[in-house]
Amino acid sequence: MQIFGLDIGGSGIKGAPVDLDRGDLAQERFKVLTPHPATPDGVADGVKQVVEHYGWTGPVGLTFPGVVTDGSTIRTAANVDRSWIDTDARALFSERLGGLPVTVVNDADAAGVAEMHFGAGRDRRGTVILLTFGTGIGSALFVDGALVPNTELGHLELHGHDAEKRASSKAKEDEELTWEHWAHRVQKYLAHVEMLFSPELFIIGGGVSRKSHKFLHYIEGIKAEIVPAQLQNNAGIVGAAMRAAEKDS
Ligand code: BGC
């Protein structure tokens, strides 16, 4: 079965039909730049362009980089335009897509669902936490495979700062930190999350998961196993399509 998956990120809106049996893209993905400011109207136009590129007419799953309740309502918007707050995103996207059925899910939750099913978290029980390091820090918490949605662990306070402002990969770029320096910050962040949740496994996702050989070896003193995500940049797209399939069935 195929469902369309889309990932709305700080820099790009990317999507493709997803093969749900394989947990992979059925076709090469297509990307448009995220408009700035990333308003509901501008992002909805980008979403329409990506979906129309494939002439898709079935159900669509979308990720959003903020708290999303009931597969629809946006509650926070840390890295996109604040006018998203309280937007009924399902209604907005569905209307822009000519009435296609739409499900919206937090981006890290989507990536986590895909990794737990097809990637680094497959068959893992107990407490598993996936963290995505990108423009912000996203989190997905699983207990015996079940998602606890919208955990927002990127906004924990660390040394008086919002953790994602110190340890996201954007912070690494903005402050021109070396991999070692940045890994030290990630280590402090993981130690804090570990103190609160004692997970068995941390899965490190986001764009940096491709470069884990550059920094994972600097991270010490964490009891949990730490592994890079396996689906890498496609985890959000695949997970969004999986959530949409659940809603559609
Ligand atoms: C948002 C999260 C999101 C994460 C990654 C954070 O700033 O609050 O909802 O998952 O960024 O995009």
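Me: Buried means under 20% relative accessible area, exposed means over 50%, and partly exposed lies in between (1.4 Å probe, protein chains only). With those limits in mind, what percentage of the 249 residues in the protein chain is buried?

Reply: Of the 249 residues in the protein chain, buried ones make up 57%. This is a predicted model, in which local features need pLDDT of at least 70 and side-chain atom pairs count only at pLDDT 80 or more, while totals for chains, interfaces and linings use all residues. Residues are numbered from 1 along each chain as its sequence is written, and side-chain values use heavy atoms, with hydrogens and water left out.

Me: How many helices and strands does the protein chain have?

Reply: Helices (H or I, at least four residues) and strands (E, at least two) are DSSP runs, numbered from the N terminus. The protein chain has seven helices and 15 strands. Its radius of gyration is 17 Å, close to the 18 Å that the globule rule gives for 249 residues, so the chain is as compact as a globular protein of that length. The radius is taken over C-alpha atoms, and the rule is 2.2 Å times the number of residues to the power 0.38. Along its principal axes, the C-alpha trace spans about 50 × 40 × 30 Å.

Me: Among contacts between residues at least 6 apart in sequence, what percentage joins residues at least 24 apart?

Reply: A contact means heavy atoms within 4.5 Å. Among contacts in the protein chain between residues at least 6 apart in sequence, 64% join residues at least 24 apart. Valine 47, which is found in helix H1, gives a case to follow: at 1% relative accessibility it counts as buried. The C-alpha atoms of valine 47 and phenylalanine 93 are 7.7 Å apart, although the two residues are 46 apart in sequence. Neighbours within four places in sequence set aside, valine 47 is in contact with Leu6, Ile8, Ile13, Leu62, Phe93 and Leu97.

Me: In helix H2 (residues 89-96), which residues are buried, and what covers them?

Reply: The buried residues of H2 are Ala89, Leu92, Phe93, Ser94 and Arg96. Their cover includes strand S1 (2-8), helix H1 (40-53), strand S5 (60-64), S7 and strand S8 (102-106). Just after H2, glycine 98 takes a positive phi of about 65°.

Me: How many residues of helix H3 are buried?

Reply: An α-helix has 3.6 residues a turn, so residues three or four places apart point the same way. In H3, 10 of the 12 residues are buried, so this helix is largely enclosed by the rest of the structure; among them are Ala108, Gly112, Glu115 and Phe118. From the first C-alpha of H3 (residues 107-118) to the last is 16 Å, close to the 16 Å expected at 1.5 Å a residue, where the expected span is 1.5 Å times one less than the number of residues.

Me: What span should helix H6 (residues 179-197) have at 1.5 Å a residue?

Reply: The 19 residues of H6 should span 27 Å, and its end C-alpha atoms are 26 Å apart, which agrees. Buried residues of H6 include Trp182, Val186, Tyr189, Leu190 and Val193. Serine 198, which follows H6, has a positive phi near 40°.

Me: Where are aspartate 70 and histidine 159 found, and is each one buried or exposed?

Reply: Most residues other than glycine have a negative phi, and most peptide bonds are trans. Aspartate 70 is not a glycine, yet has a positive phi of about 55°; it is found in the loop between S6 and S7 and, at 68% relative accessibility, counts as exposed. Histidine 159 also has a positive phi, near 50°, and is found in the loop between strand S12 (157-158) and strand S13 (161-162). With a relative accessible area of 58%, histidine 159 is exposed.

Me: Is glycine 71 buried or exposed, and what is it in contact with?

Reply: Glycine 71, found in the loop between strand S6 (68-69) and strand S7 (73-74), counts as buried at 8% relative accessibility. Apart from neighbours within four places in sequence, glycine 71 is in contact with Arg90, Thr103 and Val104.

Me: Which residues does a cis peptide bond join?

Reply: A cis peptide bond, with omega about 0°, joins histidine 36 and proline 37. Proline 37 is found in the loop between strand S4 (30-33) and H1.
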